[in-house]
Amino acid sequence: MSERYIDYDRYEVTTEPPRNTSGDIQLSGWLGPNGDVSRYAHGVYDVKTAAEYAIIQMLDGKCRRHDEVDAAMELGVVALYRPGRYTPMSDEALGNYIFESVENESVCVHGGTITQEQMGRLVNDLRTLLRENGCDASNDRIEAMLIDVCEMEMATD
């Protein structure tokens, strides 16, 4: 996946009704492309909390409110949600996080050869740390990055 599209999807609550590519107000369905991004409308709500609740329901609760301070909020956007409970990480960010976790001894890694059982514990420890910090990555990605960052070799069981 391109680094550009990590955590790219967003659900906005706006004060203005959405418009399709023709400029007409459209309250549901596909609005058309905006550059290389497709846009969809999901209804109209009387109050902001009702719109936010609809987003949470639509995503089965598997979403997170995005901090407006960090987001590039467009005019009229009053709330922003991202799918997924945790922020996904790029390979570069994950590698840096693992390196820093090893350097500051948040996880204890011994160089050289490692067993699958030891690797499983390290991966679980790192994933717990990631989630405590609001991020996540798959076990496979963490393991691959851990091997790469720490220059480990897996022992054959």
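The largest pocket of this predicted model has a volume of about 1,200 Å³. A pocket is here an open set of points, on a 1 Å grid over the protein atoms alone, with protein on both sides within 12 Å along at least five of seven lines, whereas a cavity is a set of points where a 1.4 Å probe fits but cannot get out. Lining residues have an atom within 4 Å of a point. Grid points are joined across faces, edges and corners, and the volume is the space filled by probe spheres set on the points. The lining of the largest pocket comprises 36 residues, of which Tyr11, Glu12, Thr14, Arg39 and Tyr40 are the closest to its centre. By residue class, the lining divides into 20 nonpolar, seven polar and nine charged residues, where Ala, Val, Leu, Ile, Met, Phe, Trp, Tyr, Cys and Pro count as nonpolar, Asp, Glu, Lys and Arg as charged, and the others, Gly among them, as polar. At least two lining residues are supplied by each of strand S1 (11–14), strand S2 (28–34), strand S3 (37–42), helix H1 (48–58) and strand S5 (77–83). The greatest contribution comes from S3, with six residues.

Residues are numbered from 1 along each chain as its sequence is written, and side-chain values use heavy atoms, with hydrogens and water left out. As the model is predicted, local features need pLDDT of at least 70 and side-chain atom pairs count only at pLDDT 80 or more, while totals for chains, interfaces and linings use all residues.

The chain contains four helices and nine strands, assigned as DSSP runs numbered from the N terminus (helices, H or I, at least four residues; strands, E, at least two). From the N terminus on, the order of elements is β-β-β-α-β-β-β-α-β-α-β-α-β. Of the 157 residues, 29% count as buried, a class defined by under 20% relative accessible area, with exposed meaning over 50% and partly exposed in between (1.4 Å probe, protein chains only). Contact denotes heavy atoms within 4.5 Å. Among contacts between residues at least 6 apart in sequence, 55% join residues at least 24 apart.

S2 and S3 pair in the antiparallel sense over six bridges and form a hairpin with two residues between them. Within this pairing, Asn34 has Val37 in S3 as its bridge partner, and Pro33 stands opposite Ser38. Gly35, in the turn, has a positive phi of about 70°. S5 is joined to S1 by four bridges in an antiparallel arrangement, in which Tyr11 stands opposite Tyr81. S5 also pairs with S4 (63–65), again in the antiparallel sense, over three bridges; here Arg64 stands opposite Arg82. Five of the seven residues of S5 are buried, and the strand is mostly covered.

Arg82 of S5 counts as buried because its relative accessibility is 10%. The side chain of Arg82 reaches the backbone oxygen of Asp9 at 3.2 Å. Leaving aside neighbours within four places in sequence, Arg82 is in contact with Asp7, Tyr8, Asp9, Arg10, Cys63, Arg64 and His66.

With neighbours within four places in sequence left aside, Glu52 is in contact with Val13, Arg65, Ala79 and Tyr81. By contrast, Asp60 in the loop between H1 and S4 is exposed, since its relative accessible area is 61%. The phi of Asp60 is near 55°, a positive value in a residue other than glycine.

Beyond neighbours within four places in sequence, the contacts of Met145 are with Asp91, Leu94, Gly95 and Ile98. Met145 and Asn96 are 49 residues apart in sequence and 9.6 Å apart in space, C-alpha to C-alpha.

Note on methods:
Polar contact = N/O pair within 3.5 Å; in protein donor to acceptor, adjacent residues only side chain to side chain. Pairing = 2+ DSSP bridges.
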